[in-house]
Amino acid sequence: MQSPHLVQDSSPIDQLMSAVRAGDADVARRILERNPTIDINAEYGECGDTTLLHEAGSAAVVRLLLSPPRPHEPYREVNMVPGARDYVTPLARACRAGREGVVRGLLGVVGVDPNMCNPLWETSSDGRAGIVRLLLGHPATNVNNTSPSNWFLERTDCTPLTEALLRCHWDVAHMLLAHGGTVDEEKQDQVDEAMGGHNKYLQWLIQCAHHQVGNQKMVNQMISLIPADISDFTLEKLLGTGASAAAFKVLFSNGPSVGATTTAITSNKSSSMVMKVLFNWESTPRHTRLRQKYMAECAILSSIPPHPNVIHPLGALVIPRLPDEFIEQIPASQPFFREMALNKSLAFIMPFGGIPLSSFLQSLVPSPVSSSSHGAPWDVTVNLFQQALKAVNHIETNKFIHRDIKEDNVLVDPETKTLSLIDFGEAIQCLKPDLEVEVSSSNMQLWGNTGTMPPELSALLRTLRATGPTLFSYSKCDSFALAVTFWDALLPPQRKFIGSTLNTNMATFTPAKLAASFPDPLSFFPRATVTGSHPQSSGLMKDVMLAMMEPDKKTRIACLDALECLSGPAHKTKD
């Protein structure tokens, strides 16, 4: 039976081109088998100065041309630009024609260049979201490519994101932003006009993208503070792993690469330090969001003024590959971390803050078989609580919100009894009055730690998909989380409620229910150590914590209010 793609009395190459354009790989294969002299790699002027791969109508045809029947040679020039046919590569041609299957097939070919002839810019301009998604999934795609879309141009006049915004393709713009796309500064006014005040969340994302340049400069500045490399540090032990990072306790050995340079890190030579290793730094575009998060954390830490209860990095260094002795510390049960450690990493070097809050507080409680009271543990506890209040009040005064306050992020030096707030990976800056930020169901990165989330934020998130984007005030959210963290840290391990009984159901518990349903922290301290020389402290800290956990935000007290409550003669301390 005659194939519908074949024209009677046409030449074999015309028949082959018709089958290729129709995406019929079976017919194309039969033609190739019958005509062993056809050159798959040639340009065919009689078919419009084009190649077979440029005209491929399906992924099956692409596979056929790359693995044809003998004696044909496979298609060699996957990035070939013929003398005509729009002067573009086969991939760019498929993108322009909207052939998603062909694009998917070509992107899987070894050696294909997804940036040649800039198909991302053109598909962003046309609003082809499906093809943009495929291009962004290729590890070599340059999301801010401004190279020409054909050989007639020297360059495009803007980035793909700028073009998508000017054309009002919001879905494409979201994808480009998520992969690190930026807006051309000289076209910012045109972009604002095109958006016309609509899509406020997208506008917020664009502002974040603008910050990336400044954040990168801060990272570079922090790297310059450490004239050292990974070989200048001696590993002591692994402290823990997170979603995309690992923390190690190290000593600075002042190796040969450092020389006589005097920096903050050399002055801490004799002290233990923490090396927070952030994996997949600049590895592939797929990890752009992680890089942006790392740079944002660096920028926040650089922007918060120094405070004795806030850990600030001494500097940063880039690690091409984590040494084997560090990788071996990562548990074998976490192969994903071990794999990421083989890529380039960014490491923050910070002073060693001590041990987690709960571990230290439990060490204050006398053993039943011991007559020692370990000093005055309740006074120490109140002092630590004051230090934590000062740390949170300090960052809020400077328009930042931590949003990840938990026991592991509150450390205590057992020797000096100095408290330190660490890990600003979830922190954000809130420049609007009352620490307001626009939140929506799509910007989950603004939500924070659900384990210590205040009821008003928890309630908002349950209805956000129906109500749409809205302004939310983070005022008193860190205050709530700090009180919950301290309350839980004071309880024995078997009586803790964070992450189990309470967790995200915190909104259902009033202070009265909390006090009645969960253990009283004071009950685990000997009465003599609670009252001590300051009887007024017996229930004060408990009352303050309950006031900080008040479900009604209007009556909840902030950290500054809590400090004033605890700043009587017995507990007044300098800021």
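Q: In what sense do β8 and strand β9 pair, and over how many bridges?
A: This is a predicted model, where local features need pLDDT of at least 70, side-chain atom pairs count only at pLDDT 80 or more, and totals for chains, interfaces and linings use all residues. Residues are numbered from 1 along each chain as its sequence is written, and side-chain values use heavy atoms, with hydrogens and water left out. Strands (E, at least two residues) and helices (H or I, at least four) are DSSP runs numbered from the N terminus, and two strands pair if DSSP finds at least two bridges between them. For β8 (410-413) and β9 (residues 418-421), the pairing is antiparallel, over 4 bridges.

Q: Which residue in the turn of the β8 and β9 hairpin has a positive phi?
A: The two strands form a hairpin with 4 residues between them. Across the pair, L411 stands opposite S420 in β9. In the turn, the residue with a positive phi, about 55°, is K417.

Q: Is N409 buried or exposed?
A: N409 sits in the loop between β7 (400-401) and β8. Leaving out residues up to four places away in sequence, N409 touches H402, D404, S420, L421, I422 and D423 (contact means heavy atoms within 4.5 Å). Buried means under 20% relative accessible area, exposed over 50%, and partly exposed in between, with a 1.4 Å probe and protein chains only. N409 has 4%, so the word is buried.

Q: How far is the backbone oxygen of D404 from a polar atom of the N409 side chain?
A: A polar contact is a pair of N or O atoms within 3.5 Å; within protein, one must be able to donate a hydrogen and the other to accept it, and residues adjacent in sequence count only if both atoms are side-chain atoms. For D404 and N409, the distance is 2.8 Å.

Q: What is the volume of the second largest pocket, which has N409 among the residues nearest its centre?
A: On a 1 Å grid over the protein atoms alone, a pocket is an open set of points with protein on both sides within 12 Å along at least five of seven lines, while a cavity is a set where a 1.4 Å probe fits but cannot get out; lining residues have an atom within 4 Å of a point. This pocket is lined by 34 residues, with A247, D408, N409, I422 and D423 nearest its centre. Grid points are joined across faces, edges and corners, and a volume is the space filled by probe spheres set on the points. Here that comes to about 890 Å³.

Q: Which helix gives the most residues to the lining of the largest cavity?
A: The structure holds 2 cavities of 30 Å³ or more, and the largest has a volume of about 90 Å³. Of its 13 lining residues, R403, N449, P454, C477 and D478 are closest to the centre. The top helix, with 3 residues, is α18 (residues 477-489).

Q: Which residue's side chain makes a polar contact with the side chain of E456?
A: E456 is found in helix α17 (residues 455-467), and counts as buried because its relative accessible area is 18%. Apart from neighbours within four places in sequence, E456 is in contact with F472, C477, P551, K553 and R556. The side-chain partner, at 2.8 Å, is R556.
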